[in-house]
Amino acid sequence: MSAVTVTRTGLVGLIRVDSPPVNAISQAVRQGLWDAFQTVADDPQIAVAVLICAGRTFMAGADASELGEPPVPPHLNDLVLFIEACPKPVVAAIHGQALGGGLEIALACSHRVATAQARFGLPEVNLGFVPGAGGTQRLPRLIGIEAALEMAVEGKPKSAQKALDTGLIDAIIDDLEVDAVAFATTLAGIDPTPFKLNQPISADSFDVAVFDRWRAMCAKRKRGLDAPLAVIDAVQAATGSDFQAGLAAERAMSLDLRKSPQSTALRHIFFAERATYKVDGLELSQAKDVSSVAVIGAGTMGAGIAQVFAAQGIPTTLVEISDKAAQAGLDRIRGNLEQAVDRGKLDAARAEKILEHVTPTTDYQALASADLVIKAAVEDLEIKKQIFARLDQVSHPGAILATNTSYLDINEIASATLRPDRVVGLHFFSPAQIMKLVEIIRTDLTDHVVVATLAAVMKKLGKIGVVAGVCHGFIGNRMYQAYQRQAGLLMLECGSPEPVDAALRQFGMAMGPFQVLDLSGIDIGYLMRKALTEGMVDPYAFQVHDRLVELGRKGRKTQAGFYRYSKDNPTLDDDVLTLVREVAEQSGIKQRVLSTTEITDRCMRALQEEGEAILNEGIAAKKGDIDVVFVNGYGFPRFKGGPMHHKSD
């Protein structure tokens, strides 16, 4: 069956795209649209056209499988110009998402209507390039420079109401096809020329300083990224008098950036995130329903996890040892939601609805009906085993028993139950209600249906789930330990934590390794290392860390760690420099000046070597999974694709 068909209803020609699952703009769709618009133009009985899509969405963008491949005509930019040249009015009827090329096609139409749930965006910047079919040229002509910059530079989708408010669409409709045809009928016979987005932008309609303001913002918030700055240049090109010259400039930037290392890396991580569940033995079709959840522990992590499930309308029981502790957990959730309301991320009514799905209790018998029980308290193996033995008694036979742990042996925890095949790890990253990454840890005995169920649940929650095996630290913390080990050795060699932090910030890490330790608390790693057996900890790399903790310098919470803090501003002090020098001398490490390149290369090599070991042991299924974990959980620069993808300059 053809991907695009044309039918006629009275004076209206209905152009329908039907290319499951998301009507991606493949070569077949592009050719079908070209032929369909030629039919509309040539048919004297058609006075106006409606462009509509079957299935769950309008065109959601380019065919991802064609990215990086040689282009095959008709090219999208040529198709958009061909649609724009149609001598008859064209109404884009939008539901689902009109993203990227889908929005560019809609902008080529003379009019646009959408259902209330529709969303609109130009997400190309997130893949490291500029829209290439006129998105940055037509959008500012329709909604203004400032609003166009926000959409194209941020790359975040906008709601139908926002689209209506800015003039991106002409109306919000209820019945997609019926109402779109009715709207189109009112346009029959009119000249579409005044509605085409190819006319010059009036110089007095915007402040030319807006471009410099956006560039300054990108320098702070999008440090190291090329595509946002190029998008600003492309939108600025739209303010020239020559529409075709603006299109040519946009196209050149788009094609050039698509070949860049940044775009290659961003596309790599984009596809890796969508492939995390492509694991041998994992079939999402086998997933079972999870209709209720219980979370044991109402601290910061437990409350955050409970909030995540409640936000999806899943009844969630929050269990604590006392009524006071349980109520404190509910108050933590309330506080999180109030912050989201204050930031405009959530409305107050929605926040209250989420709270209604959380039930605090001290009674373990309340867990009897939960399909998924998550232990989210104290990182102590023996205590966890005791709790899981109790859960085994009170939970129903089909329940999944999960522990939120960052490094404990889940095989040991599972051995405390009579259902080890239904025990699994769920390593949420903090804060759980914000961070998207979750490591799904399958033990030696975990049933594949349990893993499939949790993978499906993570998708429902909007999380990125990565399946991992059992080892100390799993994927993320094991990798991070190798990274911190190398950073510790580098500090001893160069005599200070600051050059190491500075080099890795310059590389693109969100924070330097010692800044991170000060923020999270140096004592966390100290306590973890004390629990390890001899030989599992480098004898040199963490000596400074441990000595600092023993001196009472645990990081920001004590106003001193690797740095001293006054109003959160870090400064080096002689005590740390002296300690580093003493430990280096005792360890036989000769201090020297290290270049930024050597520091970053050694840290990346440490990550890659540990990653290869993780792959060889079967802890991770593929390199892309490791990249996904480190990008989404540890501040690795997304535009470098992850430690396994990255190649040193």
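Q: What sits over the ring of F270?
A: The charged end of R274, 3.7 Å from the ring centre. A charge sits over a ring if NZ of Lys or CZ of Arg is within 6 Å of the ring centre and within 35 degrees of the ring normal. R390 lies over the face of Y364, at 3.9 Å from the ring centre.

Q: Before we go on, what kind of model is this?
A: A predicted one: local features need pLDDT of at least 70, side-chain atom pairs count only at pLDDT 80 or more, and totals for chains, interfaces and linings use all residues. Residues are numbered from 1 along each chain as its sequence is written, and side-chain values use heavy atoms, with hydrogens and water left out.

Q: How many aromatic pairs does the structure hold?
A: 12. Rings of Phe, Tyr and Trp (its six-membered ring) pair if their centres lie within 6.5 Å; planes under 30 degrees apart are stacked, over 60 edge-to-face, the rest tilted. F206 and F211 are edge-to-face, with 6.1 Å between centres and 75° between planes.

Q: Is F211 buried or exposed?
A: Buried, because its relative accessibility is 1%. Buried means under 20% relative accessible area, exposed over 50%, partly exposed in between (1.4 Å probe, protein chains only).

Q: And how do Y480 and Y483 pair?
A: They are tilted: 5.6 Å centre to centre, 35° between the planes. Both lie in helix α18 (residues 476-494), three residues apart, about one turn of the helix. Y480 and Y483 are both buried.

Q: Which aromatic cluster are they in?
A: One formed by F429, Y480, Y483, F507, F630, Y634 and F636.

Q: Switching to strands. Why is β17 largely enclosed?
A: Five of the five residues of β17 (residues 464-468) are buried, so the rest of the structure largely encloses this strand. I464, V466 and A468 point one way, G465 and V467 the other. Helices (H or I, at least four residues) and strands (E, at least two) are DSSP runs, numbered from the N terminus.

Q: Which strand pairs with β17?
A: β16 (residues 437-442), in the parallel sense over five bridges. Two strands pair if DSSP finds at least two bridges between them. L437 stands opposite I464.

Q: Last one. What is the order of the open sheet of three strands?
A: β5-β7-β8, with mixed pairing. β5 (97-99) and β8 (158-159) are the edge strands. β7 (residues 119-121) and β8 pair in the antiparallel sense over two bridges, and R119 stands opposite S159 in β8.
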